[in-house]
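Good morning. Please have the picture in view.

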Amino acid sequence: MHVRELVLEDFRNYHHLELAFCPGLTLLTGGNAQGKTNILEAIYWVATGRSHRTLEERDLVRSGEAGCRVRAVVDAGGRQYALELSFHQAQGRRFSIGAKPYRRVDGTDSGLYAVLFAPEDLELIKGPPVNRRRFLDEEVFQGSAGYRRALASYNRCLAHRNRLLKDAGGSRLSASLLDPWNRQLAETGAAVTRLRRQVIASLAPGAARVQERLTGGAERLQVAYRPSGSDDSGEFVRLLEAKAHEELARGATLAGPHRDELALELEGKPLRTHGSQGQQRCAVLALKAAVAEYLRSNLGSTPVLLLDDILSELDRRRQHELMIMLGTGSQTIITSVTQGWSHQAAADPLVYEVKAGTARKVQRACTG
Amino acid sequence: MIYPGPVARLIEELGRLPGVGPKTAQRLAFHILATDIHEVQRLAEALLAAKAQTVNCSVCHNITDVDPCRLCRNPERDRQLVCVVESPKDVAALERSHEYRGLYHVLHGAWSPIAGVGPEQLRIKELVDRLKAGGIVEVILATNPDLEGEATAMYLSRLLRTLGVKVTRIAHGLPVGGELDYAADDTIARALQGRREM
């Protein structure tokens, strides 16, 4: 799977932009604040329905305009079709695949998956546990409809149960009122826990391997799952019962996947508190590279890799290592202020120079 | 206002109906305007009659035009069996199957803390009274197989067991005529849990 054509309309600083892409490596170069990242953001938006820089879609609209539109023509093994995502102040969001409207932007429907590497990812390590849970839910599990259903069911059950606890206002709830929700929270929660455990178990070795290569074998990254609930619904119910008192006092559910932690450690010490800036950056790259690998082996489709200005933080040897590990995949699009490094990483990249809302092709014609 | 008052009002009222957005409401309104006055009259009368001439059955709480309802009066029905459902639509669905010959009890909803609906807002007390009056041997819980329906069933099974009746839950599993590899994971999991010996 790769993106062949991208059209932006009133998206960020672009009035109208058309770009052709090929499989393999594409480099977007140019000075700061010229719009390189906006192109990656657009591809990520049309693939996942999310932006890595904002939660408000109106931020994506060029100032003074009412809406924006991104159109991507993708190629899935020779079959080509257009994905179109737009946002309008009054009409909200619209998404279509091959002109057929879809309610949700999702790789399981569109076939387009993306893994984005961005400076903001550091928050994955430095930020609170909710960032790491979101990473699991949105990035690692993209393309898993089964997980999405399990999580939605759990979240709905959690909302019911929290409301019940809150409405009790601190007074005791009889077992006849609490039991049905305990049992269902445990069943749906155990299903989510099992899926998370599986995915983390298959992610961890890959992440450790990348970290080891990036640091010349010096550091072992441990990615561990610390579930707040349990894989076993019987055990889960007992956890809830043990916390019943405190739950009533606080009016909220205190055990379950909504309190899970994805622990990231170097040599047994938490990266968040003990890692240097450099170590943290490496670990994020390692995690993301592991996600790309996981998706590659679990989806019927290779994800597009989007690297937003992250290589500049690595020395040449590490840049080279990372590019080799990410593989020649199907498609990798990179933004960088300089382009010097790319020659050793890939022989023949497609290069665009981005300047003030325009992009000019400076190397290679697209043959793909 | 784009439309004259009466038309705007019709669009607004139609737009209150479930599943009808502004566009559909507008389309329906113009259809009604283009329709013969007698047909419109029939529709208006049907709306009023449906509301004015139906009540909830004082026994099973299904909607009916006679009280007790025809199902509750029918001497052919098995009076030892009561099937508990969320809504009158569920009664209709079960009747279409021609498989069930017992009586019904309509709860008018399911337990949903988010929606602010608790067990006390459902027709549960009425069900307990029916059971206490005697004659009923088995209660079949046929609430929906979703979180709310399941919570309602769990609550009821605990409550009704103390009354000395047999409490059963309808099975959930694979749809008849469906294919295994198209079924959702949780459906398959349920179907496995509910397997039976043969």
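Ala52(B) has a relative accessibility of 64%, so Ala52(B) counts as exposed; exposed means over 50% relative accessible area, buried means under 20%, and partly exposed is in between, with a 1.4 Å probe and protein chains only. Ala52(B) sits in helix α3 of chain B, residues 37–52. Helices (H or I, at least four residues) and strands (E, at least two) are DSSP runs, numbered from the N terminus. Asp65(B) is 13 residues from Ala52(B) along the chain, and their C-alpha atoms are 9.4 Å apart.

A word on where this comes from. This is a predicted model, in which local features need pLDDT of at least 70, side-chain atom pairs count only at pLDDT 80 or more, and totals for chains, interfaces and linings use all residues. Residues are numbered from 1 along each chain as its sequence is written, chains are lettered from A and ligands numbered from 1 in the order in which they are written, and side-chain values use heavy atoms, with hydrogens and water left out.

Next, is His105(B) buried or exposed? Its relative accessibility is 0%, so His105(B) counts as buried. His105(B) belongs to strand β4 of chain B, residues 102–106. Contact means heavy atoms within 4.5 Å. Setting aside neighbours within four places in sequence, the contacts of His105(B) include Cys60(B), His61(B), Cys83(B), Arg123(B) and Glu126(B).

Now the nonpolar cores. A nonpolar core is a set of buried Ala, Val, Leu, Ile, Met, Phe, Trp, Tyr and Cys residues joined through side-chain atoms within 4.5 Å. The largest one has 91 residues, and Val223(A), Leu307(A) and Leu160(B) have the most contacts inside it. Not counting residues up to four places away in sequence, Leu307(A) touches Leu40(A), Phe117(A) and Met323(A), among others. Another core, of 42 residues, lies apart from the largest one, and among its members are Leu8(A), Ile39(A), Trp45(A) and Ile97(A).

Last, chain A as a whole. Chain A has 12 helices and 15 strands. Its radius of gyration, taken over C-alpha atoms, is 22 Å, close to the 21 Å that the globule rule gives for 368 residues, so chain A is as compact as a globular protein of that length. That rule is 2.2 Å times the number of residues to the power 0.38. The C-alpha trace of chain A spans about 70 × 55 × 35 Å along its principal axes. Of the 368 residues of chain A, 52% count as buried.
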